[in-house]
Amino acid sequence: MFQGLDKMDDCWVLVVDDSSLMRQLLLSSLKQVCKVSAVESAEQAIDVCRDAQPDLVLMDWVLEGMSGIEACKKMQSIPELSEIPVIFVTSNTSEANQELCWEAGAVDFVPKPIVPKTLQNRVKTHLKYKRQTDLLKQYSFVDGLTGIYNRRFFDLEIVRLLKQASRLQQPFATMMLDIDFFKKYNDEYGHLKGDDVLRQVATALKQQVKRPIDTVFRYGGEEFVVLLPNTAKEGAKIIAEQLVAAVKNLCIENRGSPLEVVTVSVGLAFLAEGEYCDTTQLLHRADSALYNAKDTGRNKYTVFV
């Protein structure tokens with residue numbers, strides 16, 4: 001499973017340091033190991049990480065503006081950034097400062113003055129850990145047929161996200177989707193063709209859900225779930241409409257459907273800011289809305305009320 005993990009040239013390390021000289025030193029030390037880029041402030045680093053997540057962040061402790069410690073804590077509080085490993089670069093390696101590093105969520109620190117070989121080996125080690133973790137997650141949490149997240153990961157993630165939404169007083173949207181007349185499709189075209197439909201629908205759904213914090217899961221059979229943290233009702237309705245249209249626009253023939261193409265029905269449920277319910281209640285709401293969509297014509301979404 002872990003063959004080839006020593007090859008790091010496709011990994012990306014983001015260097016954060018407000019000293020031009022130090023940035024150049026770190027860049028030159030790592031350019032033979034992996035892809036590497038640099039910014040000069042913690043604020044810039046967080047913006048970069050939001051846009052495209054690096055495999056590792058190498059951050060100076062003392063920065064103009066937000067400190068490295070503050071930046072690391074903020075990254076830990078942002079779900080889509082919380083799993084990016086952070087290594088601090090610091091000239092103060094006292095026991096108290098090391099404790100602050102660990103408490104902030106860092107995975108390691110590199111002392112100044114920089115020893116290039118030590119830096120390279122520390123970075124290689126943590127990149128390898130990161131790739132191993134990502135690979136294990138892929139094997140454990142990705143559906144083998146469709147390539148999207150599976151029910152096992154959903155069961156873990158929904159609990160975490162609901163607690164987070166409650167803690168941060170944020171709205172939360174959940175969608176349950178079902179492929180219309182899928183049994184008739186399998187009867188007409190066979191299960192191999194049905195598997196191909198599942199793959200195409202999963203890809204179409206994933207392409208429409210663009211934010212890193214939004215997630216598509218194969219819930220079971222021909223049923224999917226989409227979780228949209230920090231999403232208000234109007235925004236979720238727009239996404240639901242896009243999902244329905246995206247699947248219909250695949251134009252996959254289905255002679256078992258009145259529409260003659262593969263479509264989906266979507267049930268949409270919401271939690272307002274500060275509202276909380278458990279997983280069972282939320283899924284029951286989304287499922288009720290889904291059945292309403294199927295009972296009132298399919299190829300549409302309806303909202304739980």
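The side chains of lysine 294 and aspartate 178 meet in a salt bridge with an N to O distance of 2.9 Å, a salt bridge being a side-chain nitrogen of Lys or Arg within 4 Å of a carboxyl oxygen of Asp or Glu. The pair links distant parts of the chain, with lysine 294 in helix α10 (residues 279-295) and aspartate 178 in strand β6 (residues 172-179), 116 residues apart. Helices (H or I, at least four residues) and strands (E, at least two) are DSSP runs, numbered from the N terminus. The structure is a predicted model, in which local features need pLDDT of at least 70 and side-chain atom pairs count only at pLDDT 80 or more, whereas totals for chains, interfaces and linings use all residues. Residues are numbered from 1 along each chain as its sequence is written, and side-chain values use heavy atoms, with hydrogens and water left out.

Under the stated criterion, the structure has 17 salt bridges. One of them connects glutamate 80 and arginine 50, whose closest N and O atoms are 3.6 Å apart. Glutamate 80 lies in the loop between α3 and β4 (86-90) and arginine 50 in helix α2, so the pair ties together parts that are 30 residues apart in sequence. Glutamate 80 is buried, at a relative accessible area of 17%, whereas arginine 50 is partly exposed, at 37%.

A further salt bridge is formed by aspartate 143 and arginine 218, at 3.3 Å from N to O. Because aspartate 143 lies in the loop between α5 (116-141) and α6 (151-168) and arginine 218 in strand β7 (residues 215-220), the pair ties together parts that are 75 residues apart in sequence. The relative accessible area is 15% for aspartate 143, which is buried, and 16% for arginine 218, also buried.

A search of the whole structure finds 10 aromatic pairs. Tyrosine 149 and phenylalanine 153 form a tilted pair, 4.5 Å centre to centre with 45 degrees between the planes. Rings of Phe, Tyr and Trp (its six-membered ring) pair if their centres lie within 6.5 Å; planes under 30 degrees apart count as stacked, over 60 as edge-to-face and the rest as tilted. Tyrosine 149 is partly exposed, at 35% relative accessibility, while phenylalanine 153 is buried, at 14%.

A charge sits over a ring if NZ of Lys or CZ of Arg is within 6 Å of the ring centre and within 35 degrees of the ring normal. Arginine 298 likewise lies over the face of phenylalanine 181, at 4.3 Å from the ring centre.

In helix α2 (residues 42-51), the buried residues include Ala42, Ala45, Ile46 and Cys49. These residues cover an arc of only 95 degrees around the axis, which puts them on the same side of α2; the arc is that of the directions from the helix axis to the C-beta atoms. The cover over the buried residues of α2 includes β1 (12-16), β2 (35-39), β3 (56-60) and α3 (68-77).

Arginine 23 is placed in helix α1 (residues 20-30) and is buried, with a relative accessible area of 15%. Apart from its neighbours within four places in sequence, arginine 23 is in contact with Asp17, Asp18, Ala38, Val39 and Glu40, where contact means heavy atoms within 4.5 Å.

Cysteine 34 is buried, at 5% relative accessibility, and cysteine 72 is buried at 0%.

Methods. Buried < 20%, exposed > 50% of the residue type's maximum accessible area, 1.4 Å probe, protein only.
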